[in-house]
Amino acid sequence: DVHAFQTGTPVRRADRRGCRHEFTQTTESHTGRHAARFAASCNSQPAGWSMRGAPLPRPLDVGDWVGVSAWVHGDGAGEQLKIQLVDETGGARDYYVPVNFTGWRHVEVTTASLDTLRAERIVGINLYYNGLPASRSVVCLIDDIRGIVRRQGQAAATVSVENFEETESVWCGGACRCFSVV
């Protein structure tokens, strides 16, 4: 289910047949003023998936990254949240977060389940739900996605990938209801 995109393409969205999703900006954030609200539903066929992806504002070199971190407000429904980095050739690196918790949790994932990424030039990020439970809806809030950088053999710094603060967020792509706080 790798759906990488090429440089310069707009926001991507996809759903398995029988699934649907909504991606909105919310003020229910952990860090800053905004976070993303990712809601999805699945028909009676189990193991559904939904995806939203966006290009990065500029390419990143992730050669010294050892993983990713994010703040996630889980719903405890058991779905898998996938954070996928993509390069301009279609390569990808997948990090999975099992959403078996409720409330805000800082998650760090240092093992990639798939890694075909050309690390010197990532151009986008995709957020997926995999393993959507049958006949249910799920909702998570996602905030402050960061790359974990290794320095002298130890994880020592982070690099911001997405913080969802822009009121005209590229994640909206004309299909999401983004708003600004006045």
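This is a predicted model: local features need pLDDT of at least 70, side-chain atom pairs count only at pLDDT 80 or more; totals for chains, interfaces and linings use all residues.
## Rings, strands and a pair of cysteines

Ring pairs join Phe23, Phe38, Tyr129 and Phe164 into a cluster. Residues are numbered from 1 along each chain as its sequence is written, and side-chain values use heavy atoms, with hydrogens and water left out.

### The rings

The structure holds 4 aromatic pairs. Rings of Phe, Tyr and Trp (its six-membered ring) pair if their centres lie within 6.5 Å; planes under 30 degrees apart are stacked, over 60 edge-to-face, and the rest tilted. Phe23 and Phe164 make another tilted pair, at 6.2 Å centre to centre and 50° between the planes. Here the link is between distant parts of the chain: Phe164 is in the segment after strand E12 (154–162), 141 residues apart from Phe23.

Buried means under 20% relative accessible area, exposed means over 50%, and partly exposed is in between (1.4 Å probe, protein chains only).

### The strands

Helices (H or I, at least four residues) and strands (E, at least two) are DSSP runs, numbered from the N terminus. Two strands pair if DSSP finds at least two bridges between them. Here are some of the pairings:

| Strands | Sense | Bridges |
|---|---|---|
| E6 (residues 80–87) and E7 | antiparallel | 7 bridges |
| E7 and E9 (residues 114–115) | antiparallel | 2 bridges |
| E3 (residues 35–42) and E11 (residues 137–151) | antiparallel | 6 bridges |
| E5 (residues 65–75) and E11 | antiparallel | 7 bridges |

In which order do the 6 strands of the open sheet come? The order is E1-E4-E10-E6-E7-E9, with antiparallel pairing. E1 (12–15) and E9 stand at the edges with a single partner strand each, so one side of each has no neighbour in the sheet.

Now zoom in on E7. Of the 7 residues in this strand (residues 92–98), 5 are buried, so E7 is largely enclosed by the rest of the structure. E6 and E7 form a hairpin with 4 residues between them, and Gly90 in the turn has a positive phi of about 100°. Val86 has Ala92 as its bridge partner in E7, while Leu81 has Val97. Towards E9, Asp94 stands opposite Leu114.

For E11, Leu141 is the bridge partner of Arg37, and Ile148 is the bridge partner of Gly67.

### The cysteines

How many disulfides does the structure hold? The count is 0, where a disulfide is a pair of cysteine sulfur atoms within 2.5 Å. Take Cys42: the closest cysteine sulfur is in Cys19, 3.7 Å away, which is too far for a bond. Cys42 counts as buried because its relative accessibility is 7%. Cys140, at 0% relative accessibility, counts as buried too.
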